[in-house]
Amino acid sequence: MAFKLGKPVNEVVQSSFGLAFVVYPEAIAKLPISPLWAILFFLMLFTLGLDSQFTILETVSTAIIDTFPRQLRNRRWQLMLILSIIMFLLGLVCVTDAGIYWVDLIDHYAAGWGLLFVAVMELFGVSYIYGGNRFIEDIEMMIGKKNWWFWFYWRACWFFISPLLLIAILVWSLVTFEPMKYSDKRPFPAFATTIGWLIIASALMVIPIFAVVAMAKNKWSIYKASSPASDWGPYLKQFRGSRYADMEEPVEAVEIAKDRQNGTDNPTFEDDDVGQTKL
């Protein structure tokens with residue numbers, strides 16, 4: 001296209017949503033058997049969005065169910081239906097006449113340095129708070145013991161390489177961060193910029209809020225707040241081994257056992273051959 005127009009590539013197209021929905025379709029139209037390539041291209045876009053939606057729904061629903069397991073573990077499909085409806089309604093703004101601007105705004109603020117900050121905090125939490133070596137021991141419970149050299153690469157990534165790279169990219173993203181602009185380089189209005197910062201804040205503020213809650217529950221002890229709970233470990237007893245032999249029974253399992261004694265248990269629960277209640 002740049003060759004036919006006699007212009008540099010960066011003047012014909014830039015990285016944006018127009019690349020997928022304007023430039024590529026126009027380029028595909030110039031190929032032999034263009035209808036076939038157009039069908040394959042948009043089928044690829046559809047499946048790409050679909051599997052992304054799967055991961056989003058699974059992530060949100062799993063977090064909610066893990067927070068309220070007793071109430072929601074047997075109501076997973078109802079929760080998924082509610083979440084799907086909510087996400088559908090939230091997405092309607094993106095198909096209005098101003099939808100492309102909303103999509104650009106969300107992409108610019110929600111998929112930028114905020115995600116990098118969350119990734120750094122997750123990596124720091126696993127490697128330095130929970131403990132990378134403890135995490136490796138948990139993995140070895142599932143896949144068996146491995147030699148030290150097997151874990152050398154992962155230790156290097158978790159403890160040094162990944163944190164340094166992510167922090168460097170995060171700092172660079174903050175230094176080069178610019179407010180949103182239209183395609184003609186006019187800045188977005190102030191209210192749109194405010195919405196963008198609120199989008200980032202809605203995700204990042206959860207981290208300090210839950211940190212304060214954890215501290216308050218543990219009498220402001222940093223050590224206790226950053227240590228695994230007493231019922232942390234495999235849910236089923238036969239998978240705990242010697243590593244989690246002394247763990248407390250999860251609150252949910254205790255409540256289910258009480259319900260069974262009272263004759264009010266949910267029929268979807270059954271006993272296994274070691275007497276442990278399970279789904």
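The legends below describe close-up views of a predicted model.

**View 1. The largest nonpolar core of the predicted model.** Eleven residues make up this core, namely L105, Y109, W113, L116, L170, M180, Y182, F188, A192, I200 and L204. Two or more of its residues come from each of the helices α7 (99–110), α8 (113–143) and α10 (190–204), and α10 gives the most, with three residues.

**View 2. The surroundings of W113.** When neighbours within four places in sequence are left aside, W113 is in contact with L170, S173, L174, F177, W197, I200 and L204.

**View 3. The packing of α8 and α10.** The axes of these two helices come within 10 Å and cross at roughly 10 degrees, which makes α8 roughly parallel to α10. On the α8 side the contact is made by W113, G114, F117 and V118, and on the α10 side by W197, I200 and L204. Sorted by class, this contact has six nonpolar residues, one polar residue and no charged residues.

**View 4. The crossing of α4 and α6.** Helix α4 (residues 34–67) and helix α6 (residues 76–91) have axes that come within 10 Å and cross at roughly 125 degrees, so α4 is oblique to α6. The crossing in which α4 passes α6 is right-handed. From α4, the residues Q53, I56, L57, E58, V60, S61, T62, I64 and I65 meet R76, L79, M80, L83, S84 and M87 of α6. By class, the contact of α4 with α6 has nine nonpolar, four polar and two charged residues.

Technical notes. Residues are numbered from 1 along each chain as its sequence is written. This is a predicted model: local features need pLDDT of at least 70, side-chain atom pairs count only at pLDDT 80 or more; totals for chains, interfaces and linings use all residues. Side-chain values use heavy atoms; hydrogens and water are left out. A nonpolar core is a set of buried Ala, Val, Leu, Ile, Met, Phe, Trp, Tyr and Cys residues joined through side-chain atoms within 4.5 Å. Buried means under 20% relative accessible area, exposed over 50%, partly exposed in between (1.4 Å probe, protein chains only). Helices (H or I, at least four residues) and strands (E, at least two) are DSSP runs, numbered from the N terminus. Contact means heavy atoms within 4.5 Å. Axes are lines fitted to C-alpha atoms, for helices over the stretch in contact, and angles run from 0 to 180 degrees between N-to-C directions. Angles under 35 degrees count as roughly parallel, over 145 as roughly antiparallel, 65 to 115 as roughly perpendicular and the rest as oblique. A crossing is left-handed if the near helix is turned anticlockwise from the far one by less than a right angle, and right-handed if clockwise. Ala, Val, Leu, Ile, Met, Phe, Trp, Tyr, Cys and Pro count as nonpolar, Asp, Glu, Lys and Arg as charged, and the others, Gly among them, as polar.
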